[in-house]
Amino acid sequence: MCTTPGHILLSNEELTISINAHGAELCSIRHNDNEYLWQADPAFWKRHSPVLFPIVGSVWEGTFRVDGTPYHLSQHGFARDMDFTLLSQTDDEVWYRLTDNEETLAKYPYPFVLEIGYKIEDKKIRVMWRVENPADKQMDFQIGAHPAFYYRGEAKEGIKGYFIPDNTHNLKMTLIGEQGCADVEHHYPAPLDAEGLLPIKADTFDRNALIFEDSQIREITLTDSEKVPYLKMTFDTPLVGLWAPSAESPFVCIEPWYGRCDRVEYDGQFKDRDWMQHLNAGETFEGGYIIEIL
């Protein structure tokens with residue numbers, strides 16, 4: 001568990017969680033002495049649960065355009081690598097804040113206020129986001145989650161576990177194409193088994209993330225290889241991504257998104273990218289998701 005300076009612990013009779021001011025990142029979820037959140041071994045992936053802002057995924061060729069001016073952002077934006085300010089703290093809830101500065105405006109030409117909160121309720125963690133536009137013109141952005149959860153138990157017949165989506169009717173996926181961007185020319189049926197479960201196998205993420213658009217899924221349960229559920233995520237986002245970095249990784253990510261990467265070869269304006277969020281002057285966006293230990 002993360003207990004170094006800059007971390008805050010929230011605890012009740014069921015859960016203990018740890019949040020780091022760097023990135024306002026959730027970095028531990030413990031229940032009955034079991035750790036559920038990936039502990040950031042860089043041999044596989046150096047993060048726990050980064051918040052993706054002001055973009056989700058990649059922009060084509062690392063460049064986007066605002067009013068014809070090019071800007072450059074690396075994958076998933078900059079918030080995950082910045083120090084947030086502690087805004088408030090109680091026994092069961094904590095809030096952090098990040099605002100624009102000279103460094104962010106050079107990469108992303110929008111003033112912003114980003115607030116990230118965590119609240120524990122029994123065996124649930126409520127993750128809350130607020131984005132405010134303090135400027136006098138429209139703000140364009142995306143925001144998303146990237147939590148990584150350990151597999152439970154041993155693999156069985158090459159299957160590490162299963163996803164159980166709340167919807168299995170005509171479920172379609174978008175996959176990643178060139179330069180980490182979306183191949184929107186093709187859509188693929190979700191590889192569900194006869195019970196409507198999505199098995200996690202060695203080749204599940206051969207093409208990177210599995211992306212489900214158009215609010216097809218609002219809830220995903222994660223099971224072990226024996227189909228015993230141990231974690232559930234609930235969200236109201238228009239997209240969710242499923243990902244692991246390799247067949248050998250001991251974790252899998254469930255990623256609710258308000259946005260996604262560019263489509264392959266996109267060269268239009270930033271505001272016109274797929275799945276963008278827009279705020280008029282003075283407006284506030286609110287979103288988030290819930291993790292529940294089962």
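A strand, as I use the word here, is a DSSP run of E with at least two residues, numbered from the N terminus. I am working from a predicted model.

**Entry on Y96.** I noted Y96 as buried because its relative accessibility is 1%, and the cut-off for buried is under 20%. Leaving aside residues up to four places away in sequence, I listed what Y96 touches, and the contacts include I8, I19, N20, A21 and A24, along with F84, T85, L86, L87, L114, E115 and I116. I also checked F112, which is 16 residues from Y96 along the chain, and the C-alpha atoms of the two are separated by 14 Å.

**Entry on cysteines.** I searched the whole structure for disulfides and found zero. For C261, the nearest cysteine sulfur belongs to C181 and is 5.4 Å away, and C261 is in no disulfide. C261 is buried, with a relative accessible area of 5%, and C27 is buried too, with a value of 1%.

**Entry on a sheet.** Which order do the strands of the open four-stranded sheet follow? I read the order as β1-β2-β3-β4, and the pairing is antiparallel. β1 (7–11) and β4 (34–35) stand at the edges with a single partner strand each, so one side of each has no neighbour in the sheet. I then looked at how β4 is joined to β3, which spans residues 25–31, and found two bridges between these antiparallel strands. In that pairing, H31 stands opposite N34 of β4.

Terms used. Residues numbered from 1 in each chain as written. Predicted model: local features only at pLDDT ≥ 70, side-chain atom pairs only at ≥ 80, totals over all residues. Heavy atoms only, no water. Buried < 20%, exposed > 50% of the residue type's maximum accessible area, 1.4 Å probe, protein only. Contact = heavy atoms within 4.5 Å. Disulfide = S-S within 2.5 Å. Pairing = 2+ DSSP bridges.
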